[in-house]
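Hi everyone, thanks for making the time. I'd like to walk you through one model today, so please have a look at it while I talk.

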Amino acid sequence: MRTRHQRTLARSLECSGVGIFTNSDVKIRFCPAPENHGIQFVRTDLSGSKPIPALIENAVFRQRRTAIEFEGASVEMIEHVMAALAGLQIDNCRIEINAPEAPCFDGSAQELSLAFLEAGIVEQPFPRKVITIQQSLTVENEAGSFIQAKPLNRSVMAIGYYLNYGEGSPVTPQCLTLEINPEIWMSQLAFSRTFVLEEEVAAMRELGYGQKLSAADLLVLGPEGPIDNELRTLDECVRHKMLDCLGDFALLGCDLHGYFSAHQSGHALNRELIRQIKLTHQSTDSTTAWKVA
């Protein structure tokens, strides 16, 4: 089995932006962290709050996004941050944030990924733990959406996603399969933006969401295509769904090898798959694959 060393940032960096769901003006700082630290968020606006480990056992339900909570402190909309870290194989990072939600940037993870590369990434003298899928495992919901983990004959993660909202949807049927590594992440996935249908926007605004954003800031799709915007690729929507998968999978807290096949899967199903994988694995040591029973 192929293993690698843990990695962290070479130096700290700070970004700012707006939250989609809380309308917060957000400052977020990414700091190098020692071996085996993992990814931890710290709410600097909550005096005395403890770090929130970005792990599946701390995940809590939110509509249309991923959130974590620990001892009374929470942070949401973390999936794009987690995807950028996982895509570039940054394993240890302390994330200081002054709001309850990560900034949305342009709806993608591209700006953040470029900032990480500019800061630099360094190896650490400890191996990265990995779970290797040995038997198929599927989670599904009543609507027929599902996501499946399958064994793969190579020590890599590959994601295949099929997206089809049905006839009449402005999102055309799309499917894509990619092997995930830092090069593929930067060239094929990091730029893909979260998307919302024009018909959903009014309902979201009634709930108070997106008050500081316009269609030009995100990817809003109407009957004739993007509103005040342009697609970056014809299949940008399925690419963003794969980005979300990667960010949610990162809540496992280690590398994950296998083939992951998704059909209309969203954050809830992605997280449930990771919960099942974590429940069924048996750890041996830091350099040996953890096998799914």
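Let me start with a term: helices (H or I, at least four residues) and strands (E, at least two) are DSSP runs, numbered from the N terminus. Now the ground rules. This is a predicted model, where local features need pLDDT of at least 70 and side-chain atom pairs count only at pLDDT 80 or more, while totals for chains, interfaces and linings use all residues. Residues are numbered from 1 along each chain as its sequence is written, and side-chain values use heavy atoms, with hydrogens and water left out.

First, the overall picture. The protein has six helices and 21 strands. Its radius of gyration is 18 Å, close to the 19 Å from the globule rule for 293 residues, so the protein is as compact as a globular protein of that length. That radius is taken over C-alpha atoms, and the rule is 2.2 Å times the number of residues to the power 0.38. Along the principal axes, the C-alpha trace spans about 50 × 45 × 35 Å. Of the 293 residues, 53% count as buried; buried means under 20% relative accessible area, exposed over 50%, and partly exposed in between, with a 1.4 Å probe and protein chains only.

On to the pockets. Rolling a probe the size of a water molecule over the atoms shows where empty space is left. Here the search runs on a 1 Å grid over the protein atoms alone: a cavity is a set of points where a 1.4 Å probe fits but cannot get out, and a pocket is an open set with protein on both sides within 12 Å along at least five of seven lines; lining residues have an atom within 4 Å of a point. Grid points are joined across faces, edges and corners, and a volume is the space filled by probe spheres set on the points.

The largest pocket has a volume of about 870 Å³. It is lined by 45 residues, and those closest to its centre are Arg 4, Asp 91, Arg 128, Cys 254 and Asp 255. Which element gives the most to this lining? That would be α1, with four residues. Other elements that supply at least two include β4 (39–43), β15 (174–180), α3 (182–189) and β19 (255–263). By type, the lining divides into 22 nonpolar, 14 polar and nine charged residues.

In α1, eight of the nine residues are buried, among them Glu 79, His 80 and Met 82. Just after α1, Gln 89 takes a positive phi of about 55°. Then there is Cys 254, in the loop between α5 and β19. Is Cys 254 buried or exposed? At 6% relative accessibility, it counts as buried.

Finally, some strands; two of them pair if DSSP finds at least two bridges between them. β16 belongs to an open three-stranded sheet with the order β16-β17-β18 and mixed pairing. β16 and β18 (225–226) stand at its edges with a single partner strand each, so one side of each has no neighbour in the sheet. β17 (residues 219–222) and β18 run antiparallel, joined by two bridges, and Gly 222 stands opposite Gly 225 in β18.

Definitions and conventions:
Nonpolar A, V, L, I, M, F, W, Y, C, P; charged D, E, K, R; others polar.
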